[in-house]
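Thanks for coming. I'll talk through one interface, then stop.

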There are 2 protein chains.
Amino acid sequence: MKKYKADIIVTLKKGVRDPQGAAVDTVLKRTGIQEIAQVQTGKFFTLDVTGSDETNAKAKLDTICREVLSNPVLESYKVERFVEL
Amino acid sequence: MKKYKADIIVTLKKGVRDPQGAAVDTVLKRTGIQEIAQVQTGKFFTLDVTGSDETNAKAKLDTICREVLSNPVLESYKVERFVEL
């Protein structure tokens with residue numbers, strides 16, 4: 001059994017409203033820090049995943065991302081890092 | 001004026017309780033997907049920042065991260081990507 005550490009970024013799909021991002025935009029504009037920032041928000045996860053080999057662990061990670069960490073209707077995910085421990 | 005796009009990851013500092021991560025851990029264990037996942041959660045931001053040069057834009061980005069995107073008492077941030085547009 002091999003063990004891997006993965007970093008996952010979950011972001012909203014294009015066209016999905018991002019009120020948290022819009023709120024940060026407003027703050028940055030109102031305070032004069034940055035006129036147009038086009039902030040987009042997302043979620044970040046670090047987790048350990050085990051598997052008989054890398055292919056097996058990556059398949060399991062995809063299941064976790066699709067079924068637990070993201071809502072595939074509104075969000076997409078990206079495996080930012082995948083390293084053996 | 002130069003324009004840059006930055007990706008920021010905000011995570012909880014060591015020792016700060018992460019109930020959302022614990023909740024994901026519980027789900028992964030209960031469903032039998034992954035016994036020990038040690039999930040840690042964070043926030044992800046993509047934004048545009050302008051400046052007279054790279055140093056100036058990076059300094060502004062640090063201000064944004066410290067004062068708007070994170071709570072420095074509980075969270076730390078990392079600039080994951082910084083590219084000129």
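Contact here means heavy atoms within 4.5 Å. This is a predicted model, in which local features need pLDDT of at least 70, side-chain atom pairs count only at pLDDT 80 or more, and totals for chains, interfaces and linings use all residues. Residues are numbered from 1 along each chain as its sequence is written, chains are lettered from A in the order in which they are written, and side-chain values use heavy atoms, with hydrogens and water left out.

On that basis, chain B puts 29 residues into the contact, and chain A puts in 29 residues.

Next, area. Buried area is the accessible area (1.4 Å probe) that two parts lose on being put together, summed over both. For chain B and chain A that comes to about 2,500 Å², with 61% of it on carbon and sulfur atoms. On the chain B side, the residues that lose the most area to chain A are B:Ile33, B:Gln34 and B:Phe44, together 23% of what that side buries.

Which salt bridges join the two chains? With a side-chain nitrogen of Lys or Arg within 4 Å of a carboxyl oxygen of Asp or Glu as the criterion, the count between chain B and chain A is zero.

Now the strands, which are DSSP runs of E, at least two residues, numbered from the N terminus. Strand 2 of chain A, residues 40-51, runs antiparallel to strand 2 of chain B, and seven bridges join them; pairing requires at least two bridges found by DSSP. Within this pairing, A:Gly42 stands opposite B:Phe44.

Technical notes: Helices (H or I, at least four residues) and strands (E, at least two) are DSSP runs, numbered from the N terminus.
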